[in-house]
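Colleague: I would like to learn how to read a model like this one. Could we go through it together, feature by feature?

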Amino acid sequence: VRFRLTEVYRAFTFGAWMATIALGRATVEFGLIHRASHLGFSATRKNKYLMLNDLISQAIPKVPTLKACLIAIKEAGNRVLHPRKDQNVIPSPKILRSEALECVRATTQVIEVLYAE
């Protein structure tokens, strides 16, 4: 998980805003899967990993303080990774930078809470 978080920081440092958001989303998804049993829920159903939305739904009751971070990461990540015609994927660089910075902060907070013990 340290390596994944380091990649999030590197992407931000080099100005790769979309990569920062995508890596943050992937890191949080990895953390939720890895720490699911520790939190008291299963990350799998029928021998397949749950989708991020389902992982978040399972995790929020266990760690409600992370709700805003998890939702922000999911929404930003989905916008970058799953573009739609009715949605502007690449807004102005200034907006995208601030969104990427928020993802870095939120990802860091989620990982710190998930791995605190």
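Colleague: Let me start with a single residue. In which helix is Ala-106 found?

Modeller: Happy to begin there. Keep in mind that this is a predicted model. Ala-106 is found in helix H5.

Colleague: Is Ala-106 buried or exposed?

Modeller: The cut-off for buried is under 20% relative accessible area. Ala-106 has 1% relative accessibility, so it counts as buried. Leaving aside residues up to four places away in sequence, Ala-106 touches Cys-69 and Ile-73.

Colleague: Now to the rings. How many aromatic pairs does the structure hold?

Modeller: A pair of aromatic rings is described by the distance of the centres and the angle of the planes. The structure holds 1 aromatic pair. The partners are Phe-12 and Trp-17, with ring centres 5.1 Å apart and planes at 50°, so the pair is tilted.

Colleague: Are Phe-12 and Trp-17 buried or exposed?

Modeller: Phe-12 counts as buried because its relative accessibility is 16%. Trp-17 counts as buried as well, at 19% relative accessibility.

Colleague: And which residue lies over the face of Phe-30?

Modeller: That is Arg-4, at 4.0 Å from the ring centre of Phe-30.

Colleague: Let us move on to helix packing. How do I read the way H1 and H2 cross?

Modeller: Two packed helices are described by the angle between their axes and the distance between the axes. Helix H1 covers residues 2-13, and its axis comes within 8 Å of the H2 axis, crossing at roughly 165°. H1 and H2 are therefore roughly antiparallel to each other. H1 passes H2 in a left-handed crossing. On the H1 side, the contact is made by Arg-4, Leu-5, Glu-7, Val-8, Ala-11 and Phe-12. On the H2 side, the residues include Trp-17, Leu-23, Gly-24 and Phe-30.

Colleague: At what angle do H2 and H3 cross?

Modeller: The axes of H2 (residues 17-39) and H3 (residues 52-59) cross at roughly 55° and come within 10 Å. That angle makes H2 oblique to H3. H2 contributes Arg-25, Glu-29, Leu-32 and Ile-33 to the contact, while H3 contributes Leu-52, Leu-55, Ile-56 and Ala-59. The crossing of H2 and H3 is left-handed.

Colleague: One last topic, the backbone. Where is Lys-46 found?

Modeller: Lys-46 is in the loop between strand E1 (44-45) and strand E2 (48-49). Asn-47 is found in the loop between E1 and E2 too. Phi of Lys-46 is near 55°, a positive value in a residue other than glycine. Asn-47 also has a positive phi, about 60°, although it is not a glycine.

Colleague: Are Lys-46 and Asn-47 buried or exposed?

Modeller: Lys-46 counts as exposed, because its relative accessibility is 77%. Asn-47 counts as exposed at 82%.

Technical notes: Residues are numbered from 1 along each chain as its sequence is written. This is a predicted model: local features need pLDDT of at least 70, side-chain atom pairs count only at pLDDT 80 or more; totals for chains, interfaces and linings use all residues. Side-chain values use heavy atoms; hydrogens and water are left out. Rings of Phe, Tyr and Trp (its six-membered ring) pair if their centres lie within 6.5 Å; planes under 30 degrees apart count as stacked, over 60 as edge-to-face and the rest as tilted. Buried means under 20% relative accessible area, exposed over 50%, partly exposed in between (1.4 Å probe, protein chains only). A charge sits over a ring if NZ of Lys or CZ of Arg is within 6 Å of the ring centre and within 35 degrees of the ring normal. Axes are lines fitted to C-alpha atoms, for helices over the stretch in contact, and angles run from 0 to 180 degrees between N-to-C directions. Helices (H or I, at least four residues) and strands (E, at least two) are DSSP runs, numbered from the N terminus. Angles under 35 degrees count as roughly parallel, over 145 as roughly antiparallel, 65 to 115 as roughly perpendicular and the rest as oblique. A crossing is left-handed if the near helix is turned anticlockwise from the far one by less than a right angle, and right-handed if clockwise. Contact means heavy atoms within 4.5 Å.
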